[in-house]
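Q: Please take a close look at the aromatic rings in this structure. How are they paired, and where do charges sit over them?

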Amino acid sequence: MDSELDQQARDILAANDKGGYTVPNPKLYPFQWLWDSFFVALGFMTYNEPRAWQEIDNLFKGQWENGMMPHIIFHKEAPNYMPGPDVWMAKAPSGIKTSGITQPPIGAITIRKMLESAKDRKRAEEKVKEYIPKLLAFHRWFHDARDPNNTGLVAVLHPWETGRDNSPDWDIPLSNVPIENLESYQRVDTNIVDAEQRPQKDTYDRYMALVQKFQRDQYDLNTLYATSPFKVADTTINFILNRADHDLLRIAEDVGYDLGSDKAVIEGWIKISDAALEKLWNAEESMYECLDLRTGQYTGTSSSGGLVCFLARNLDKGRVDHLIEKLWQWRETVNYLVPSYSPNGSRFEPQRYWRGPVWAVVNFLIYEGLMDHGCKEIGHQIAADTAKVIKENGFCEYFNPITGEGLGGGGFSWTAAMWLAWLSPVQDL
Ligand code: GLC
């Protein structure tokens, strides 16, 4: 336990608390983000359980009628954000404005951890019972709307849905997104963070072309899936959803919630996903890679997204050993695991958003999966590297894997939360 850093982390969460929900960083991201807040709730859980549940309550206020959980919830107006509520023009039934795309469905995974660590078990069980139907609706939306042909792999229609916005994984699929009809827009992120650490203009144009198209299509599920020029089976999302389905069954059992016939439905999702995840293994590269569903091609990029695979339950032992070997090889090139893209790859940029830097939350997911597989040595190395980079450079949004330099926004909520929930307790191992 490092009480000084613990206190700093709690101070960051307090500073970013906008009244029941936490913004990732008040300047760069002044609203509530989906997967950020699930991680943030884990941080609150270490010292203020009611506040942790409140974070999740506020996320569900953004849930759509069709079950989707949007990636941004605009609880209150905030200046200087683009694309804001006026661009998305979307709303939840609660009347709260939201974005129109989603993010990785880590809810069931983090809520399971919250339940397991709760000191007030009674309250935790009540909250979990309240959340199960909502989580189920979200998972159902993913499996139905994003995999209408029941292939076992769900699609993302925008890089932002993966949470790894600017990864080299999207370079080829994004190059097929037309930008001829792009309406003009004003970027604000590069006024706040050095342009060297943010996506390039051409990439941003394509992000916006997708947003404008989805808005014109009024977020109609069938149209979006059928006509989106970007349609990719992302490693991160598919491995997370597979694990989240498992954890949904688990929390229901733990709190005595009767899922009725939905139990078999969830088991069915897991079964086809278990088989389909095989398709993400690119044997030529010996790596889990994203699959461009429009062309049937692998993206040909080794990124940290593929290493989230350890969250799945039934990985081949030979593959696990091989991927651990790869992590140790990466560690010979960089000083801090896990770079978001292979440090030996041609597109590696150690300072640019998702093209090389280290993210604490992705490390946490990889760590959790590795520990489940009993791979302690590499797991501890990842925890030690993440703790060290934070101790030396502060609670930044992301870090240069070679120099450790803190990048992007400072005083970042999910980095603080990962310190409290994960690193502070394990760092002396
Ligand atoms: C960036 C990240 C995304 C995150 C958001 C808020 O868009 O790529 O994963 O949710 O910032 O922190």
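A: The charged end of arginine 198 sits over the ring of tyrosine 353, 4.3 Å from the ring centre. A charge counts as over a ring if NZ of Lys or CZ of Arg is within 6 Å of the ring centre and within 35 degrees of the ring normal. Arginine 10 likewise lies over the face of tyrosine 47, at 5.4 Å from the ring centre.

The model is predicted, so local features need pLDDT of at least 70 and side-chain atom pairs count only at pLDDT 80 or more, while totals for chains, interfaces and linings use all residues. Residues are numbered from 1 along each chain as its sequence is written, and side-chain values use heavy atoms, leaving out hydrogens and water.

Across the whole structure, a search finds 32 aromatic pairs. Rings of Phe, Tyr and Trp (its six-membered ring) pair if their centres lie within 6.5 Å; planes under 30 degrees apart are stacked, over 60 edge-to-face, and the rest tilted. The rings of tryptophan 53 and tyrosine 131 have centres 6.2 Å apart and planes at 40 degrees, so this pair is tilted. Tryptophan 53 counts as buried at 0% relative accessibility, and tyrosine 131 is buried at 1%. Buried means under 20% relative accessible area, with a 1.4 Å probe and protein chains only.

Phenylalanine 412 and tryptophan 414 form another tilted pair, 6.3 Å centre to centre with 50 degrees between the planes. Phenylalanine 412 is buried at 1%, and tryptophan 414 at 5%. Ring pairs link both into a cluster whose members include Tyr29, Trp33, Phe74 and Trp422.

Key: Buried means under 20% relative accessible area, exposed over 50%, partly exposed in between (1.4 Å probe, protein chains only).
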